[in-house]
Amino acid sequence: MNILQINSSARREGSHSTGLADRLVRRLRDTEPSAALTVRDLTTTPHPHLDEATLGALFTPADKRSPEQSARVALDDALIAEIAAADVVVLGVPMYNFGVPAQLKHWIDAISRAGVTFRYTEKGPEGLLKGKKVYVALTRGGRYRNTPADSQVPYLSTVLGFLGMTDVRFVYAEGLAMGADAERAALESAYGEIEEAVAA
Ligand SMILES: Cc1cc2nc3c(=O)[nH]c(=O)nc-3n(C[C@H](O)[C@H](O)[C@H](O)COP(=O)(O)O)c2cc1C
């Protein structure tokens, strides 16, 4: 079993989403000790955003690309290869300004490639990253679960599903900015959700 862990907090130290993602991985490896782990930390290894030059590189046929264009596409290729090889994906995702961190969006932009990770057929779009289990550890300062202000869950469910990843479990730690007691309770609750998620 190959596990791919994606950390998207901008914090290198003290990140709750990374801590919960680490815990998810630890619990998964307790049941599958031989599982291989790849960790991609989008803060220590930031991925470049989708700019005009990148679009130009992606839409230029491979044999016509400049060395710079080939190098840029190769960065995205590496992320696609990583997720294609994963059986299980664990995402650590803080809420930033009611959305996902920009770095996670860059990762999603990199792995979403027509003809490679999804394609259109006469029946509609088909995701090509199939057969994977995905766990998402969400951390928030406030509490937005099951409210319209929680744009993260619909967004991630949609884009991951579009790419073929339909088995997605969300674990929440909410109210982390609402005092020490609320923070402790949020983490305890998230630990319980992790146990339920890995047992399911
Ligand atoms: C730039 C920034 C924006 C944030 N925006 C929100 C927000 O919109 N809603 C919310 O509930 N918490 C927000 N928070 C709080 C974080 O979601 C919370 O601190 C979370 O634990 C951060 O994840 P981390 O511990 O993995 O770094 C924000 C924090 C930062 C630093």
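Predicted model: local features only at pLDDT ≥ 70, side-chain atom pairs only at ≥ 80, totals over all residues.
Local features need pLDDT of at least 70, side-chain atom pairs count only at pLDDT 80 or more, and totals for chains, interfaces and linings use all residues. Residues are numbered from 1 along each chain as its sequence is written, and side-chain values use heavy atoms, with hydrogens and water left out.

Student: In which order do the five strands of the open sheet lie?
Tutor: Strands are DSSP runs (E, at least two residues), numbered from the N terminus. Two of them pair if DSSP finds at least two bridges between them. Here the pairing is parallel, and the order is S2-S1-S3-S6-S7.

Student: Which are the edge strands?
Tutor: An edge strand pairs on one side only. That applies to S2 (36-41) and S7 (167-173).

Student: Which residue in S5 is the bridge partner of Tyr-120?
Tutor: S4 (residues 118-121) and S5 (residues 124-127) pair in the antiparallel sense over four bridges. A hairpin through two residues joins S4 to S5. The partner of Tyr-120 is Pro-125.

Student: Are H3 and H4 roughly parallel or roughly perpendicular?
Tutor: Helices are DSSP runs (H or I, at least four residues). The axes of H3 (residues 67-85) and H4 (residues 102-111), lines fitted to C-alpha atoms over the stretch in contact, with angles from 0 to 180 degrees between N-to-C directions, come within 8 Å and cross at roughly 85°. Angles of 65 to 115 degrees count as roughly perpendicular. H3 and H4 are therefore roughly perpendicular.

Student: Which residues in H4 meet H3?
Tutor: Contact means heavy atoms within 4.5 Å. From H3 come Asp-76, Leu-79, Ile-80 and Ile-83. Their counterparts in H4 are Trp-107, Ala-110 and Ile-111.

Terms used: Parallel < 35°, antiparallel > 145°, perpendicular 65-115°, else oblique.
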